[in-house]
Amino acid sequence: MVSATATARGMAPLWICLLLACLPAGVLAEEPLWNLSVPSAIGELTMTPDGSYVLTNGERLCFLTGNGTVLWTECSAEMTDCSADGRSIAAARGQQLTLFARNATVLWRDDLDSDTVDLALSSDGTRLVVADLPGRVHFFNADGTLRATVDTRGDPDDDEKNDHRSWISDIALSEKGTYAAVISSRGLFYYTGNGRKLWAHEDELEGGTAVAVSGTGDEIAAASDAGVRLLNRTGALLWEYKSHRPVTALALSSNGSRVLAGSQDNTLICFDRGGEQLWTFTAGGWIRDVAVSENGSHVLAGSMDGQAYLFDGEGQVLKTYPLDGWVDHVALTADGTAGVAASSHEIIGFSTTVPVSLPAPAAEVQTTTVITTASPTTPTAVATTTAVPTAVPAPDPKEGVGLPLLLVGLLIGGVVLGAGYLHRRRSSLPEVRVVEEGSERSASSTEIPLVLEEEEPVASWEAFMEQGKTREAAQIISQQMLVLVGVRTGAHIFTTADALDACPGQRHDLAAFFAAADRLGYALEPPDVREVEALAAAYLHIAERMG
């Protein structure tokens, strides 16, 4: 006669399967410690190295504690940065530059001759470096005294170059602002904190997108549409990596041991100081931002798939955090124990440490498996926690397999089978590629078509303009220029660098076009309709000159 205990034990697999089947998707997803919704679009996100304060900008400048408590909000700001202790906060909008104290008191305010495009404040708050729209860089002291102004534009007396503009994309400072790196459409520039030029690589980094400097200033990482470079303090090239798609996110650990680069092909790559690729991760969308701890032990990346990914130093996904849209901004503390991430209207804060509450002698082992769903834009991380006892007694042959081991086996089997199935589903999705529409159309036509071979054709730039989506319209025009260059030259065009190399006669015009397109297509605020129309006119002008 079968005992009730044996019957229950025999039914255990069935009950476990039913339990797993009833679990909702994402039930094991990591929850943030806090989240904050804001009505206006978030432009930038900064976290102090010790995690005590968080700073965001947009229509309102917002200063928070590390636990998400709003301390104060002030006037709107397009560019912001704060010192390591949060005592000094720099903000700029248009031509106005302001330095706030931690309590929101205005320390000083100044008006520049042109609009500000980027700024960086040293960790000790003693140096402020500001770039303006024409391509000049201004070096201020903490009291607002202007120490120096340098110009990254070309020499107007140089007749060999007909373009003397310089679109500055990014500024980065070493610790305490001893060194400053500036990347623009004209190249990479390196200065002392007082504004003295140390060296410049002009016309070598077309389409420069981002720059980062190590704490000592001995390493400088530069990103562009063509890839990533690492240079030393003298400007010598240490190594170079060429990518197939433009680099959209860059980070360099303070000790210079890790370089992180994310790109439009959805990949995040980690390099060591020597240029060796340590690991690669593929998300479900472009990598929008990346941060790394001081020693490279933790990495945080935000993607257009709506996820913030937390990695350890070996590239293993520890946690994922879903947000309500593209994850445009991320930040980590220096020791990597806390982080923040933001979409357009949501900010979350979280701890990277995993608390262990199991009693001795059992220890908890955390393993994380990334399962990519059938949609290429919604990867989900499922974390499974297994209790591993220090001593496992031998099972009684009459008792059969223990319930804990059975549960572990079912979980692992389910994850493996599900991952394989979903991988096949994702692999079967149609490939998206750009094709030309209406090759017989005259280059002087006012319509700039772009069709993507997918389930639904993408609307033209004019359709986006009618919907008020001027940023998207600028992006479409920029993509169509790549298509046009490929059609006219017969070359394989993947990046703006490819386009510039394929058209040496139009190199300067194309460089200015792509710089303007990037500025409009990825602006914090939607650009004016007239600016996008001017970009379309520049497209037609270049197309006509290309013949």
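Leaving aside neighbours within four places in sequence, which residues is Pro49 in contact with? The first legend answers this. The model is predicted: local features need pLDDT of at least 70, side-chain atom pairs count only at pLDDT 80 or more, and totals for chains, interfaces and linings use all residues. Residues are numbered from 1 along each chain as its sequence is written, and side-chain values use heavy atoms, with hydrogens and water left out.

**View 1. Pro49 in the loop between β2 and β3.**
Pro49 is found between β2 (42–47) and β3 (53–58); helices (H or I, at least four residues) and strands (E, at least two) are DSSP runs, numbered from the N terminus. Apart from neighbours within four places in sequence, Pro49 is in contact with Ala84, Thr333 and Ala334, where contact means heavy atoms within 4.5 Å. Pro49 and Thr333 are 284 residues apart in sequence, yet their C-alpha atoms are 4.6 Å apart in space. Pro49 has a relative accessible area of 41% and is therefore partly exposed; buried means under 20% relative accessible area, exposed over 50%, and partly exposed in between (1.4 Å probe, protein chains only).

**View 2. The hairpin of β8 and β9.**
Strands β8 (residues 96–101) and β9 (residues 106–111) run antiparallel and are joined by 5 bridges; two strands pair if DSSP finds at least two bridges between them. Leu99 stands opposite Trp108 in β9. The hairpin has 4 residues between its strands. Ala104, in the loop between β8 and β9, has a positive phi of about 80° although it is not a glycine. Because its relative accessible area is 15%, Ala104 is buried.

**View 3. The hairpin of β18 and β19.**
Strand β18 (residues 208–213) is mostly covered, with 5 of its 6 residues buried. β18 pairs with strand β19 (residues 219–224) in the antiparallel sense over 5 bridges. The bridge partner of Gly208 is Ser224 in β19. Between the two strands of this hairpin lie 5 residues, and Gly217 in the turn has a positive phi of about 85°.

**View 4. An open sheet of 4 strands.**
The strand order is β22-β23-β24-β25, with antiparallel pairing. The edge strands, β22 (247–252) and β25 (277–282), each pair on one side only. The twist averages 15° from one strand to the next. Within the sheet, β23 (residues 258–263) and β24 (residues 267–272) pair over 5 bridges, and Gly262 has Leu268 in β24 as its bridge partner. Asn266 lies in the loop between β23 and β24. Asn266 is not a glycine, but has a positive phi of about 75°. Its relative accessibility is 17%, so Asn266 counts as buried.

**View 5. Helices α4 and α7.**
Two packed helices are described by the angle between their axes and the distance between the axes. The axes of α4 (residues 470–489) and α7 (residues 529–546) come within 10 Å and cross at roughly 5°; axes are lines fitted to C-alpha atoms, for helices over the stretch in contact, and angles run from 0 to 180 degrees between N-to-C directions. The two helices are therefore roughly parallel to each other (angles under 35 degrees count as roughly parallel, over 145 as roughly antiparallel, 65 to 115 as roughly perpendicular and the rest as oblique). Among the residues that meet are Ile477, Met481 and Val485 in α4, and Leu535, Tyr539 and Met546 in α7. The residues of this contact divide into 14 nonpolar, 2 polar and 1 charged; Ala, Val, Leu, Ile, Met, Phe, Trp, Tyr, Cys and Pro count as nonpolar, Asp, Glu, Lys and Arg as charged, and the others, Gly among them, as polar.

**View 6. Cys503, Leu510 and the largest nonpolar core.**
A nonpolar core is a set of buried Ala, Val, Leu, Ile, Met, Phe, Trp, Tyr and Cys residues joined through side-chain atoms within 4.5 Å. Of the 30 residues in the largest core, Trp461, Ile477, Met481, Val485, Leu510, Phe513 and Leu535 touch the most other members. The elements giving two or more residues to this core are α3 (461–466), α4, α5, α6 and α7. Not counting residues up to four places away in sequence, Leu510 touches Met481, Val485, Ala499, Leu500, Cys503 and Ile542. Cys503 lies in the loop between α5 (496–502) and α6 (507–521). With a relative accessible area of 6%, Cys503 is buried. Beyond its neighbours within four places in sequence, Cys503 is in contact with Val485, Thr489, Leu510 and Met546. Cys503 and Val485 are 18 residues apart in sequence and 7.7 Å apart in space, C-alpha to C-alpha.
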